[in-house]
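Okay, thanks everyone, let's get going.

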Amino acid sequence: MPTENRMEKIVALAKRRGFIFQSSEIYGGLNGFWDYGPLGVELKRNVRQTWWADMITEHDELFTPPGAPSSFDMVGVETSIIMHPQVWKNSGHFDLFVDKMIDCKACKSRFRFDHAAIAIAVLEGQPATWVACETFERDDATGMGLSSSKSKSLEQSILQYNKAHGTDQPGSIHTTTLSVCWNELKERSASNPKLIPKCPKCAGELTEPRDFNLMFKTTLGALGTDSDAAYLRPETAQGMFVNFKNVCDSSRVKIPFGVAQIGKSFRNEITPRNFTFRSREFEQMEMEFFCHPSQSLQWYQYWRDRRFQWYIRHGISQQNLILREHAKDELSHYSVGTADVEYAFPFLDAGEYGELEGIAHRGDFDLRSHSEGKLCKENGQLVVEKGPDGKPKYQGSGKDLSYFDDQSRERFVPHVIEPAAGCDRATLAFLCEAYHEDQAPDEKGEMQTRLVLRLHPKLAPVKVAVFPLIKKDGMPEKAAEIYRSFKQAGIAVTYDQQAAIGRRYRRMDEIGTPFCVTVDSDTMSGDTVTVRDRDSLKQDRVSVKELVNHIQSRLRG
Ligand code: GAP
């Protein structure tokens with residue numbers, strides 16, 4: 001199936017079956033915001049729970065997991081969305097959390113510089129053109145940027161450009177590289193007016209690229225003065241750094257240990273796109289792992305590999321997933337090393353991957369910045385950044401955020417390894433991976449195309465459906481009894497007695513329900529039911545007495 005077509009089908013299914021809706025749809029929608037419907041909320045809750053169980057509830061602090069340097073503690077927190085503005089000054093977000101954008105002076109369209117400037121790459125040995133820009137625009141109906149053959153050839157040009165400039169990241173072209181391209185284009189346009197960059201929409205004059213801070217600003221209290229400005233958090237991570245001392249002092253954790261949280265983050269993305277992939281409001285699942293500096297590289301490798309495996313364990317096939325180490329010039333200002341888990345989303349071209357999660361070695365940047373004031377790199381060392389008056393640019397908290405190891409009697413500032421995942425992106429990836437069309441016999445035995453979501457049973461919004469074969473002979477009552485036994489066992493169950501049995505199976509296949517239980521005439525005489533498996537289509541007869549245990553053990557896998 002062509003990938004564009006596949007993505008459109010997934011978006012259509014998500015809406016039709018109540019997984020994901022555009023936010024405020026009756027008012028025409030709001031770009032970059034999405035709502036989860038009755039099935040979507042369950043799917044996303046299962047993604048969240050599976051992550052939380054892996055990180056916290058099922059973690060055994062007495063046991064060293066395979067590949068880990070030692071055993072360790074894991075605890076959770078839930079911190080506020082609006083934090084002290086000083087947090088964002090010392091974290092670097094106030095100064096550095098920017099995208100470059102350009103505006104059209106005539107039609108007021110706005111483009112992300114790295115998207116618009118893609119066309120510049122074509123300049124290398126080829127005629128200048130701005131055709132690329134429109135291919136990266138959002139499609140209003142689906143919120144997806146649809147690629148075209150035009151953008152494909154441009155991608156090739158970027159690859160060539162990156163190779164020539166010593167960076168081999170597929171499809172990525174860095175802002176510094178872009179600025180060089182932009183300046184070169186301006187210079188060359190002095191002798192050739194055809195090269196003057198113009199708006200791809202109306203050919204109007206464009207502004208120079210400018211910084212645009214992605215944090216949403218809000219105001220605290222009624223006065224609304226500048227000093228009341230606050231920000232919606234752009235990441236959940238800072239809530240864990242500023243609580244490092246509270247967690248150490250209030251729980252019995254010893255280094256190494258991790259603090260995890262799941263929560264909403266907000267970024268005023270210039271071009272939200274690709275369905276929920278790049279939204280302005282989204283949920284993150286982040287963990288900060290505090291360890292001794294001498295062990296930090298081992299822990300980085302451990303978390304990088306473990307997080308990659310988590311996606312595979314929950315149904316993403318290895319051929320659609322990569323673990324990509326960042327090149328040096330791609331690392332964040334604080335990072336010693338970062339790897340991304342990336343997925344071959346169907347809205348991307350073949351060979352392209354989109355980020356699901358970043359695993360970063362953040363060194364001691366965060367704890368020291370919140371203690372001493374914002375750090376910056378000088379001659380390869382992290383030092384407190386100075387303002388024009390020679391004093392620290394931003395005041396730190398002044399609190400001692402070091403750790404004292406009472407066994408080794410050593411005091412040190414822990415290093416941090418951070419696996420930072422997007423809950424919405426993971427949910428979207430699981431949905432895309434699960435989407436299949438196969439051939440299966442209908443009730444007359446004729447082969448028909450079947451749409452099926454092959455979701456991992458842990459993630460499926462509904463685990464089991466109960467059907468009476470017909471609406472008489474005591475079957476609905478017996479099916480209702482069975483339905484309630486699943487409810488009592490805490491298994492997500494649905495009941496359906498409408499339409500032919502084949503249609504009911506199809507309805508469940510479409511939403512990924514792993515098992516369908518049918519009450520038929522043998523149930524009434526022999527107290528057994530059929531259990532149909534979504535993927536193999538095999539039907540087993542199971543005794544009603546054993547049914548809940550049977551389903552529970554198959555759900556465990
Ligand atoms: N604390 C580090 C941090 O926030 P990030 O790579 O900016 O790192 C982590 O974000 C994850 O959050 C990403 O890998 C992605 O899954 C998700 N994410 C980031 N921006 C997003 C957006 N605009 N829409 C949806 N998910 C996003």
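**The pocket and the ligand shell**

So, α2 gives the largest share of the lining of the second largest pocket, 9 residues. Helices here are DSSP runs of H or I with at least four residues, strands are E runs of at least two, and both are numbered from the N terminus. Before I go on: this is a predicted model, with local features needing pLDDT of at least 70 and side-chain atom pairs pLDDT 80 or more, while totals for chains, interfaces and linings use all residues. Residues count from 1 along each chain as its sequence is written, and side-chain values use heavy atoms, with hydrogens and water left out.

Now, the pocket has a volume of about 690 Å³. Of its 25 lining residues, those closest to the centre are Asn46, Gln49, Thr50, Lys458 and Lys463. A pocket, on a 1 Å grid over protein atoms alone, is an open set of points where a 1.4 Å probe fits, with protein on both sides within 12 Å along at least five of seven lines; lining means an atom within 4 Å of a point. Volume is the space filled by probe spheres on those points, joined across faces, edges and corners.

On to the ligand. Which strand gives the largest share of its shell? That's β13, with 5 residues. In total 21 residues surround the ligand, meaning a heavy atom within 4 Å.

Polar contacts are N or O pairs within 3.5 Å. A ligand nitrogen sits 2.5 Å from a side-chain N or O of Glu286, and a ligand oxygen is 2.9 Å from a polar backbone atom of Leu356.

How values were computed
Polar contact = N/O pair within 3.5 Å; in protein donor to acceptor, adjacent residues only side chain to side chain.
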